[in-house]
Amino acid sequence: MASIFSPSPILFSSSPKASSTPKPQFFFQIPTKPFSTAITVKPTVTAAVAAAAALILSTTPPSFADTSTSYLVYYGTAASAANYGGYGGNSSKKDSAEYVYEVPDGWKERLVSKVVKGTNGTDSEFYNPKKKSEREYLTFLAGFRQLAPMDVILNNLALSDVELQDAISSANSIRSEERKDDKGQVYYVYEIDGVGSHRLISVTCAMNKLYAHFVNAPTPDWNRDQETLKHIHESFRTVGSF
């Protein structure tokens, strides 16, 4: 268009050992509890240990997620090629949106031409200006009232996407599953682990259209930014689902 230990100290104590040389009984008092190491620690040392323990417990554990990433919501209208770039008057894009997804703050929008929109149905696209091959985009096709079987859908998406064809044919693994949101909307979710790239795809049907949301990244970028890429992948929803 954004994922996250401190051992508790254990004090060991032991019962005093009996002396090998017998001594009169009145020199000893048998303790009712084992000796604690805390008894022999000076007050200044005890305070230092307590302060160190408090620092350890109050320290936030390290997180591998990029918690600094902020996101913007993109409202997509899924306009046809014939209406693309037409006069919208004063209508709000948010009010006429058919789908939404989140975009990391700082990513740039790539304008989609009428030719591209008419060829493969691409409606919107964003990319990371620092790593331009790291991107997300959405395509749609009209005339779909419901989802076909999962393998059929993926193969049909690849018909108009040469890069997707190559990713599928050379993939190390392809995982797919069906999910439902809290409103019962069905989504097909695909994860393609390729030789040099990683792809996340989410597909659903609504309003007599098929929407497919793609998140692509080269493998090194995926390994580094996967928390952010998973976040934008999971943010996609059609208008009736939010």
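**Opening question**

Which residues do ring pairs link into a cluster? The cluster consists of Y74, Y99, Y101, F126, Y187, Y211 and F236. Two rings of Phe, Tyr or Trp (its six-membered ring) are taken as a pair if their centres lie within 6.5 Å; planes under 30 degrees apart count as stacked, planes over 60 as edge-to-face, and the rest as tilted.

**Basis of the report**

This is a predicted model, in which local features need pLDDT of at least 70 and side-chain atom pairs count only at pLDDT 80 or more, whereas totals for chains, interfaces and linings use all residues. Residues are numbered from 1 along each chain as its sequence is written, and side-chain values use heavy atoms, with hydrogens and water left out.

**The three-stranded sheet**

An open sheet is formed by three strands in the order β1-β2-β10, with antiparallel pairing. Its edge strands, each pairing on one side only, are β1 (71-76) and β10 (237-238). Helices (H or I, at least four residues) and strands (E, at least two) are DSSP runs numbered from the N terminus, and two strands pair if DSSP finds at least two bridges between them. Strands of a sheet pair through backbone hydrogen bonds, either parallel or antiparallel.

Strand β2 covers residues 99-104 and is joined to β1 by six bridges. Within this pairing, L72 has V103 in β2 as its bridge partner.

**The seven-stranded sheet**

A second open sheet has seven strands in the order β3-β4-β5-β9-β8-β7-β6, and its pairing is also antiparallel. Here the edge strands are β3 (108-109) and β6 (173-180), each of which pairs on one side only. Two bridges connect β3 with β4 (residues 122-128), and E109 stands opposite F126 in β4.

A hairpin through three residues then joins β7 to β8. The antiparallel pairing of β7 and β8 comprises six bridges, with Y188 opposite V203 in β8.

**Helices across the sheets**

Helix α5 (residues 219-234) lies across β1, β2 and β10, running at about 165° to β2. The helix α5 also lies across β5 (131-142), β7, β8 and β9, at about 150° to β9. Helix α3 (residues 150-159) lies across β6, β7, β8 (197-206) and β9, at about 65° to β7. Such angles run from 0 to 180 degrees between N-to-C directions, and the axes are lines fitted to C-alpha atoms, for helices over the stretch in contact.

**Aromatic pairs and charges over rings**

A search of the whole structure finds nine aromatic pairs. The rings of Y99 and Y101 have centres 6.0 Å apart and planes at 20°, so this pair is stacked. Y187 and F236 make an edge-to-face pair, with 6.0 Å from centre to centre and 90° between the planes. Because Y187 lies in strand β7 (residues 186-193) and F236 in the loop between α5 and β10, the pair ties together parts that are 49 residues apart in sequence.

Two arginines have their charged ends over tyrosine rings. R110 sits over the ring of Y127, 4.3 Å from its centre, and R237 sits over the ring of Y187, 5.8 Å from its centre. A charge sits over a ring if NZ of Lys or CZ of Arg is within 6 Å of the ring centre and within 35 degrees of the ring normal.

**Buried residues and their contacts**

F236 is buried, with a relative accessible area of 1%; buried means under 20%, exposed over 50%, and partly exposed in between (1.4 Å probe, protein chains only). Although F236 and Y99 are 137 residues apart along the chain, their C-alpha atoms are separated by 7.3 Å. Beyond four places in sequence, the residues in contact with F236 (heavy atoms within 4.5 Å) include Y99, Y101, Y187 and H213.

H213 belongs to strand β9 (residues 209-218) and is buried, with a relative accessible area of 0%. The side chain of H213 makes a polar contact with that of E136 at 2.8 Å. A polar contact is a pair of N or O atoms within 3.5 Å; within protein, one must be able to donate a hydrogen and the other to accept it, and residues adjacent in sequence count only if both atoms are side-chain atoms. H233, in helix α5, is buried at 7% and touches H213, among others.
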